[in-house]
Amino acid sequence: MYIRIILIFLSLQQFTVYGAIKTSVSNTTVGSTQYIVKKTMFKKYPNLMPASTANNYQSINQEITNATTKKCGTFCYQENDCWSFLFFRSKTPPTCTLLDGPIDRTHMDQNTTVDYYEVWNQCSSNDSICNLGVCVPNYVTDSYTCHCPSTYTGQHCQTLISIPEYKCTENPKVIGSYQAGTTSWKIEVKLTFKVIVSHGTFFEIQYNNQQHKLFALQLRTTYKKLVITDFAKNIDGTARSNIQPTNSNRYSPAPDTFSTLLFTFVPSLDQELKSSLHYELKDGEGETLGTGTIDIDIYGSLGEITLHNGSDYDAKKGKNHEESGFGAKIWTRGIKAA
């Protein structure tokens with residue numbers, strides 16, 4: 001059987017490498033001749049550079065100098081193992097590096113000096129194929145895999161995962177735990193409440209197998225503001241730091257509204273340095289209102305840390321949230337590795 005290869009040159013939003021053969025479109029047999037129709041195009045992802053956590057694809061051959069995107073694409077075509085390349089357009093002269101696979105774009109960093117190109121694939125053809133997730137192509141099987149955000153699942157990240165809901169109380173229970181040791185960790189919490197009270201706790205973190213309190217997120221009557229109470233510094237709850245949106249020194253959420261806070265805890269291993277609690281504050285629509293960092297007066301290993309839906313500190317202050325109508329709730333998936 002005779003085999004003929006017909007090359008299709010298409011001009012889409014990026015560019016076509018003339019003479020390039022990478023992706024099979026269709027096979028047609030007429031008589032004793034099999035016609036294999038193929039195409040190669042590259043899609044551009046501007047201002048992206050693989051992060052240190054990216055999948056470990058290797059560069060192919062030496063760096064290409066005096067580069068243009070078409071020159072890099074042509075070289076990539078000529079290498080059987082090349083499926084993507086990095087174009088360093090800000091260098092003088094520009095250069096590019098060929099790669100032997102696609103880079104998972106969940107592990108890419110913004111970089112205004114570099115553009116990432118990969119061979120056109122099923123992900124390229126439909127930017128929304130994975131909904132809110134990231135599409136990663138597989139050139140061997142001409143398929144793709146959707147990498148979903150934590151709140152979605154399914155083949156195309158089409159199914160919303162419900163988030164556990166907890167009522168905040170002065171008699172809390174453990175709703176999550178994590179073997180932290182000396183590692184960094186994070187927790188995302190969505191919150192609301194019904195009535196402003198003189199003192200109310202949304203959640204509390206304890207450490208060393210519930211032997212000690214670490215910190216808590218609380219609503220304080222003064223200015224009706226959200227604060228982080230550093231129990232590691234003062235167990236009496238007097239060491240407090242404001243959660244601050246941009247251009248304000250405090251955040252005072254209104255009843256029956258929703259706020260979300262993403263906390264990342266970075267422990268200190270030096271007795272002379274405090275640990276850091278980074279936060280991002282969002283409104284009910286997911287818009288970022290501000291970011292900040294709060295020092296927590298502790299260092300070294302935390303052992304097992306636990307998450308509690310409130311704090312018995314409120315009870316010690318004589319607070320009964322059922323009677324007061326505080327009505328606070330949080331939604332969280334618990335403590336995760338950062």
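I began with the term itself: a disulfide is a pair of cysteine sulfur atoms within 2.5 Å. I kept in mind that this is a predicted model.

**Entry 1: Cys148 and Cys157**

I applied that cut-off to Cys148 and Cys157. Their sulfur atoms come out 2.1 Å apart, and a disulfide joins the two residues. I then looked up the torsion about this S-S bond. It is about -90 degrees, so the disulfide is left-handed. Cys148 is partly exposed, at 30% relative accessibility. Cys157 is buried, with a relative accessible area of 1%.

**Entry 2: the other disulfides**

How many disulfides does a search of the whole structure find? I got 5. I numbered the bonded cysteines of the protein chain in sequence order and read off the pairing: 1-4, 2-3, 5-7, 6-8, 9-10.

I took Cys72 and Cys96 next. Their disulfide has an S to S distance of 2.2 Å. The torsion about the S-S bond is about -110 degrees, so this disulfide is left-handed. Cys72 sits in helix H1 (residues 69-78) and Cys96 in strand S8 (residues 95-99), so the pair ties together parts 24 residues apart in sequence. Cys72 is buried at 0% relative accessible area. Cys96 is buried too, with 0% relative accessibility.

Then I went to Cys130 and Cys146. They form a disulfide with sulfur atoms 2.0 Å apart. I noted a torsion of about -80 degrees, so the bond is left-handed. Cys130 lies in the loop between helix H2 (122-125) and strand S10 (134-138), while Cys146 is in strand S11 (residues 143-147), so the pair ties together parts 16 residues apart in sequence. Both Cys130 and Cys146 are buried.

I also looked at Cys168. It counts as buried, at 4% relative accessibility.

I counted 4 helices and 25 strands in the protein chain.

Strand S25 (residues 329-337) runs antiparallel to S14, with 3 bridges between them. Lys167 stands opposite Lys329 in S25.

The other open sheet also has 6 strands, ordered S15-S24-S17-S18-S19-S20, with antiparallel pairing. Its edge strands are S15 (174-179) and S20 (240-242), each pairing on one side only. With direction ignored, neighbouring strands here are turned by 20 degrees against each other on average. Inside this sheet I picked S18 (residues 212-220) and S19 (residues 225-230), which pair antiparallel over 6 bridges. Leu217 has Ile228 in S19 as its bridge partner.

**Entry 3: cores and surface**

I looked up the nonpolar cores. The largest has 38 residues, and Trp185 and Phe202 have the most contacts inside it. Apart from it lies another core of 15 residues, including Ile60, Ala67, Phe85 and Leu98.

Of its 338 residues, 42% are buried. The chain exposes about 17400 Å², and carbon and sulfur atoms supply 47% of that area. Among contacts with a separation of 6 or more, 62% come from residues 24 or more positions apart.

Conventions
Residues are numbered from 1 along each chain as its sequence is written. This is a predicted model: local features need pLDDT of at least 70, side-chain atom pairs count only at pLDDT 80 or more; totals for chains, interfaces and linings use all residues. Side-chain values use heavy atoms; hydrogens and water are left out. A nonpolar core is a set of buried Ala, Val, Leu, Ile, Met, Phe, Trp, Tyr and Cys residues joined through side-chain atoms within 4.5 Å. Buried means under 20% relative accessible area, exposed over 50%, partly exposed in between (1.4 Å probe, protein chains only). Two strands pair if DSSP finds at least two bridges between them. Helices (H or I, at least four residues) and strands (E, at least two) are DSSP runs, numbered from the N terminus. Axes are lines fitted to C-alpha atoms, for helices over the stretch in contact, and angles run from 0 to 180 degrees between N-to-C directions. Contact means heavy atoms within 4.5 Å. Accessible areas come from the Shrake-Rupley method with a 1.4 Å probe; for residues, only the protein chains shown count as cover.
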